[in-house]
Amino acid sequence: MAGSTTLMVLKLLEQSDMYGYQMIKELEERSERVFSLKEGTLYPILHGLEKEGLIKSYASKTDQGRPRKYYAIQDRGRRHLQEKKQEWQLFSSAVNKVLGGVRYAD
Amino acid sequence: MQTRNSFIQCVVCQIRFKIARSVVANELEDHLEQRTREFLEQGLNPQEAEEKAVACMGDPVEVGISLNKIHRPKAEWTIILPVLLLTVIGLAVLFMSSAIGADNAASRYLAKDILVILAGGVLAYGIYRYDYSRLKNHPWALFIAAPAILIAMQLFGTPYNGVKVMALPFEAGILKPDHLSSLIFILAYQGFILKYRNQSLVGLLKIGLVSALSLMVLMAYPSFSSLLITLMTYMVLLTVAILKRQFSVRRWPCFVLVYGSVILVLGMMLMTLAPYRLERLGGLFRPSSDSPRNYTAAIIERLLSGSKPFGASTFISSDGFSTLPGSHSEFAFTTILATMGWVAGIVVCLVIGFFLLRMGIKTVGLKSDAGFLMALSMFTLLGAKFIVSLLGGTGMLGGALTGMPFVSYGLTDYLIHMAAMGLFLSVLRTDGYLAEEDFKPAASELFKLEDGKLIIDLGLGRRKGSSS
């Protein structure tokens with residue numbers, strides 16, 4: 001599952017810079033609460049992605065003046081996302097074919 | 001049930017790299033606070049809200065263990081190995097110059113030199129573990145310490161080659177205070193840039209003033225090589241700071257101002273105080289036979305004539321090694337070319353090139369402003385010394401001005417270069433983990449045209465406004 005969370009995190013960051021909690025909320029909403037991962041496990045994923053240079057963090061102050069850590073996707077992250085997305089589509093269409101979920105009439 | 005704090009403590013306890021702990025703790029704290037607030041809004045009481053928020057996070061030990069695997073200081077072997085290699089080459093140079101009789105005393109120093117290398121290693125490691133970012137908070141203390149060392153040396157030092165130095169007991173070597181002062185000035189300078197960068201032109205003028213004062217101190221000692229290296233480092237730092245819009249000024253007029261005044265002052269100093277330097281520098285641009293060649297350059301040329309791919313040059317084989325004036329450590333590259341051959345020289349250049357390239361790449365990738373300035377200073381300091389020592393060693397500068405970092409044997413230089421490397425590695429170790437002050441350059445320009453009036457904004461009003 002860690003791989004798919006990585007993919008979803010990169011997808012979210014592709015659209016806008018976000019902080020950890022915001023990502024959790026977005027993931028919950030977009031997956032219609034199918035995904036509710038243990039929230040703490042998001043941070044090792046984010047920090048790992050940052051160390052690999054796929055995303056970058058920066059501090060920005062909240063309205064209350066507290067520093068908040070935001071993440072932004074990098075070019076390497078965008079490329080990685082594209083590759084993984086293709087892999088995922090290939091995989092899910094293969095699964096669908098096996099399960100017979102999609103059939104095209106001749 | 002766990003509270004918010006006990007959860008965070010439990011996570012960060014798993015992370016062995018202590019510097020990373022506060023960053024992780026702050027991020028988790030922010031997360032838990034928002035989650036708790038959401039539960040409060042849903043009508044839970046504060047204790048329930050906090051407990052539920054913590055429960056959403058999962059197992060703290062598991063999270064902590066995963067984070068520990070990520071937050072580990074890397075051993076920067078691409079930086080460390082070239083330094084070790086250059087040190088070994090330095091020992092070989094020492095051995096060679098002793099073997100060919102260039103420096104009969106060299107073998108006597110060999111044991112001492114190994115001690116210097118060990119001391120350098122300990123120093124570099126100590127500085128690597130030190131939080132360099134504390135230095136930027138005390139620019140004035142550093143700025144006063146640097147000349148204080150020189151003055152103390154003038155009062156209590158031992159005369160050596162026309163200057164006063166500190167002779168260590170048991171003939172352990174000499175400490176050249178100007179090289180140390182130069183490093184301290186460079187450390188102070190970074191603090192000044194970070195301190196004055198939001199003051200537009202006034203800040204820039206203040207920096208100009210402290211630069212001029214520090215360079216005058218080095219000139220008075222006198223140390224032309226330290227002055228040159230310090231000036232080069234200052235210029236690189238200031239240029240990059242202006243380019244990165246750290247000062248809210250129009251960039252090009254600023255460059256004209258900064259470079260114009262430096263060239264003017266330096267030219268005047270050279271002409272009035274040390275006209276012979278100009279002749280030497282002239283040799284750089286007129287290397288033909290009609291240029292004035294001094295004794296050193298002539299010897300270097302003779303030593304290098306007939307140098308072979310491997311082994312000693314034919315000149316050395318037939319005539320022996322002519323003694324170079326001054327300290328042999330400053331002619332490390334000459335010795336390498338003349339005794340080991342030009343292939344060894346190319347290898348040394350490649351190692352240096354690789355080392356500087358790695359330093360450059362690492363510097364560009366840094367996040368923190370203070371870290372970037374520190375890394376850039378150390379990169380410039382070492383890079384300038386490598387270039388000057390390579391050019392000097394081939395006779396192109398008409399004499400040697402500085403030793404080659406890590407290669408040249410000499411207590412002060414080795415320790416200072418190891419300290420520089422320690423500072424650089426310390427920046428790499430802590431980058432992204434240290435709290436950084438938010439800095440946004442004020443969006444104003446020095447010269448503005450409004451309603452047909454030329455407005456010169458020195459940033460004074462803004463400074464008063466922000467401090468109130």
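Which residue lies over the face of B:F372? The residue is B:K244, at 3.9 Å from the ring centre. A charge sits over a ring if NZ of Lys or CZ of Arg is within 6 Å of the ring centre and within 35 degrees of the ring normal. In chain A, A:R68 lies over the face of A:Y19, at 4.3 Å from the ring centre.

The model is predicted, so local features need pLDDT of at least 70 and side-chain atom pairs count only at pLDDT 80 or more, while totals for chains, interfaces and linings use all residues. Residues are numbered from 1 along each chain as its sequence is written, chains are lettered from A and ligands numbered from 1 in the order in which they are written, and side-chain values use heavy atoms, with hydrogens and water left out.

Chain B has 19 helices and five strands. Helices (H or I, at least four residues) and strands (E, at least two) are DSSP runs, numbered from the N terminus. Of the 468 residues in chain B, 50% are buried. Buried means under 20% relative accessible area, exposed over 50%, and partly exposed in between (1.4 Å probe, protein chains only). Contact means heavy atoms within 4.5 Å. Among contacts in chain B between residues at least 6 apart in sequence, 71% join residues at least 24 apart.

Aromatic rings were examined next. Over all chains, the structure holds 16 aromatic pairs. Rings of Phe, Tyr and Trp (its six-membered ring) pair if their centres lie within 6.5 Å; planes under 30 degrees apart count as stacked, over 60 as edge-to-face and the rest as tilted. The ring centres of A:W88 and A:F91 are 5.9 Å apart and their planes are at 45°, so this pair is tilted. Both residues lie in helix α4 (residues 75-99) of chain A, three residues apart, about one turn of the helix. A:W88 counts as partly exposed because its relative accessibility is 45%. The rings of B:W252 and B:F255 are also tilted, because their centres are 5.1 Å apart and their planes are at 55°. B:W252 and B:F255 are three residues apart in helix α11 (residues 251-273) of chain B, so about one helical turn separates them. B:W252 is exposed, at 60% relative accessibility. B:F255 is buried, at 9%. One aromatic cluster is formed by B:W140, B:F143, B:F185, B:F192 and B:Y196.

Charged residues of chain B complete the picture. B:D431 is found in the loop between α18 (411-430) and β4 (447-450). B:D431 is buried yet has no salt bridge. A salt bridge is a side-chain nitrogen of Lys or Arg within 4 Å of a carboxyl oxygen of Asp or Glu. Lys and Arg count as positive and Asp and Glu as negative; His and the chain ends are not counted. The nearest side chain of opposite charge to B:D431 is B:K367, 6.5 Å away. A polar atom of the B:D431 side chain lies 3.0 Å from the backbone nitrogen of B:S368.

B:K385 lies in helix α17 (residues 369-393). B:K385 is also buried without a salt bridge, and B:D413, the nearest side chain of opposite charge, is 4.4 Å away. Leaving aside neighbours within four places in sequence, the contacts of B:K385 include B:H179, B:I229 and B:D413.

B:R16 lies in the loop between α1 (4-13) and α2 (18-41) of chain B. B:R16 is exposed, because its relative accessible area is 62%.

Terms used:
Polar contact = N/O pair within 3.5 Å; in protein donor to acceptor, adjacent residues only side chain to side chain.
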